[in-house]
Amino acid sequence: MTTTYGKSPWIEWLPKSRVPSYPRHKGAEPSDAVVIGGGLTGCLTAYAFAAAGVKTTLVEAEQIGRGNSGRSSGWIADDPGVSFADLEKRIGLRDARRTYQAWRRAALDFAALLRRLEIKCALEGRRTVTIAAAPEQVARLKRDHKARHEGGLEASLLNARAARADAALDAAAGLRTRDGAAIDPYRACVGVAAAAAHRGAALFERSPVRRITFNRKTAEVFTNGGSIRTSRVVVATGMPTPLFKALVRHFWFRSAYLALTEPLPAKLRHQLGRQDSVVRDSAQPPHMVSWVGDDRLLVSGADAEPAPQRLRDRVLVQRTGQLMYELSTLYPDISGARPEYGWAAEYALTETGLPSIGPHRNFPHHLFAFGDASHSVTGAYLASRVLLRHHFEEMDPGDEIYGFLR
């Protein structure tokens with residue numbers, strides 16, 4: 001079997017006959033809100049705005065869902081990817097508690113929305129088991145459990161035996177939560193986009209935004225084919241585009257790498273633990289291991305600064321091999337299995353580890369959703385709700401946590 005590098009299996013597996021097509025933007029048509037970016041965050045935001053009665057236009061530079069959303073792990077995590085104890089040190093107990101509660105609520109609500117819209121995206125419930133092996137990792141995990149407990153958050157601390165039973169690997173301790181899920185992120189994105197269009201949102205592909213101007217009352221978004229006058233611009237591209245170079249200083253940029261194994265034999269699958277669990281280790285950055293279907297393992301990690309363009313193909317091959325080796329150290333029985341796919345996804349990281357969602361003082365009429373480094377897709381749903389509340393100026397007390405740092 002030959003490994004396919006640089007392509008997401010989620011995108012490759014959807015038959016071309018089922019890939020939706022939206023027109024290019026042309027002409028001049030006003031809209032109450034313009035959403036820039038056709039990934040999960042953009043499509044969920046367009047759906048939320050349109051469902052709330054806002055005349056909404058979404059413009060995507062390439063094709064819906066084929067950017068970093070379609071290259072993600074598809075994990076709906078019930079935490080923000082930063083340990084509770086670390087987050088408490090950075091932003092305080094009250095805000096750490098609010099963040100964890102909001103993330104859990106977003107995970108549950110996102111899964112509920114996909115079910116309600118009947119989007120066929122292989123949605124399955126997943127428990128999250130964070131495991132620790134070394135003594136310092138165990139101590140950190142216990143501190144995190146204590147901090148969560150004191151913050152009124154539910155999580156089960158597992159001893160070595162229980163952790164091994166859940167994760168089927170040698171672990172000294174574990175921390176388990178139950179409110180996550182897994183999806184095919186590309187099918188989910190395509191489905192949400194269709195739901196947004198059904199609600200009245202206008203969607204355009206292959207329509208890169210070239211320029212945005214604004215005055216005290218309105219903004220104007222210029223694409224290759226026309227312009228859109230609006231009172232709200234929502235930039236849901238995950239990280240600053242060249243139009244927003246001034247915001248780059250708020251972020252560090254990283255690449256996450258992912259590898260999907262070839263189908264594994266039934267005898268081996270039975271030795272690899274529960275298929276309803278996402279296993280996350282305590283490495284920095286962590287590895288995440290999850291089942292795809294009932295016969296493949298997905299592993300992600302090996303995060304690093306983005307490689308220069310000329311070296312990206314070589315680095316991708318190296319990182320895929322590294323991930324498969326590290327997977328075999330977690331599960332020695334899998335040694336010799338080959339990767340069917342190896343690919344990368346880009347993300348931006350903030351000082352707090354939480355995304356920046358909301359306005360920036362230098363850009364009137366704009367709202368942004370940048371810097372989700374959680375390695376899950378939950379932040380896309382969370383952002384769509386925070387952005388909608390900002391638009392109507394009906395913010396929740398916890399929404400300020402995601403504001404841009406000065």
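Predicted model: local features only at pLDDT ≥ 70, side-chain atom pairs only at ≥ 80, totals over all residues.
1. Start with the aromatic rings. A pair of aromatic rings is described by the distance of the centres and the angle of the planes. Rings count as a pair here if their centres lie within 6.5 Å, and by that rule the count is eleven aromatic pairs. Take Phe-244 and Phe-368: their centres are 5.2 Å apart with 85° between the planes, making the pair edge-to-face.

2. Now look at where those two rings come from. Phe-244 belongs to the loop between β13 (233-238) and β14 (252-261), while Phe-368 is in strand β20 (residues 366-370), so the pair ties together parts that are 124 residues apart in sequence. Both Phe-244 and Phe-368 are buried.

3. Phe-368 has another partner, Phe-370. Their ring centres are 5.4 Å apart and the planes meet at 45°, so this pair is tilted. Phe-370 is buried, as is Phe-368. Zoom out and you'll find a cluster linked by ring pairs, made of Phe-244, Phe-251, Phe-363, Phe-368, Phe-370 and Phe-404.

4. Find Phe-222: the charged end of Arg-211 sits over its ring, 4.1 Å from the centre.

5. Next, the sheet. Which strands form it, and in what order? Six strands make an open sheet, running β9-β4-β3-β13-β20-β19, with mixed pairing. At the edges are β9 (202-204) and β19 (356-358), each of which pairs on one side only. From one strand to the next, the twist averages 15°.

6. Strand β3 (residues 33-36) and β13 run parallel and are joined by three bridges. If you want to trace one, Ile-36 has Val-235 in β13 as its bridge partner.

7. A helix goes with this sheet too. Helix α2 (residues 40-51) lies across β3, β4 (56-59), β13 and β20. Relative to β4, α2 runs at about 170°.

8. Which of its residues are buried? They are Ala-163, Asp-166 and Ala-167. Looking down the axis of α6, you'd see these buried residues fall within an arc of 80°, so they line one face of the helix. Arg-161 and Ala-165, on the other side of α6, are exposed. As for what covers the buried residues of α6, the list includes β6 (124-132), β7 (156-158), β8 (173-182) and β15 (277-280).

Conventions:
Residues numbered from 1 in each chain as written. Heavy atoms only, no water. Phe/Tyr/Trp six-rings, centres within 6.5 Å; stacked < 30°, edge-to-face > 60°. Helix = DSSP H or I, 4+ residues; strand = E, 2+ residues; numbered from the N terminus. Buried < 20%, exposed > 50% of the residue type's maximum accessible area, 1.4 Å probe, protein only. Lys NZ or Arg CZ within 6 Å of the ring centre and 35° of its normal. Pairing = 2+ DSSP bridges. Axes fitted to C-alpha atoms, helices over the stretch in contact; angles between N-to-C directions. Contact = heavy atoms within 4.5 Å. Arc of directions from axis to C-beta.
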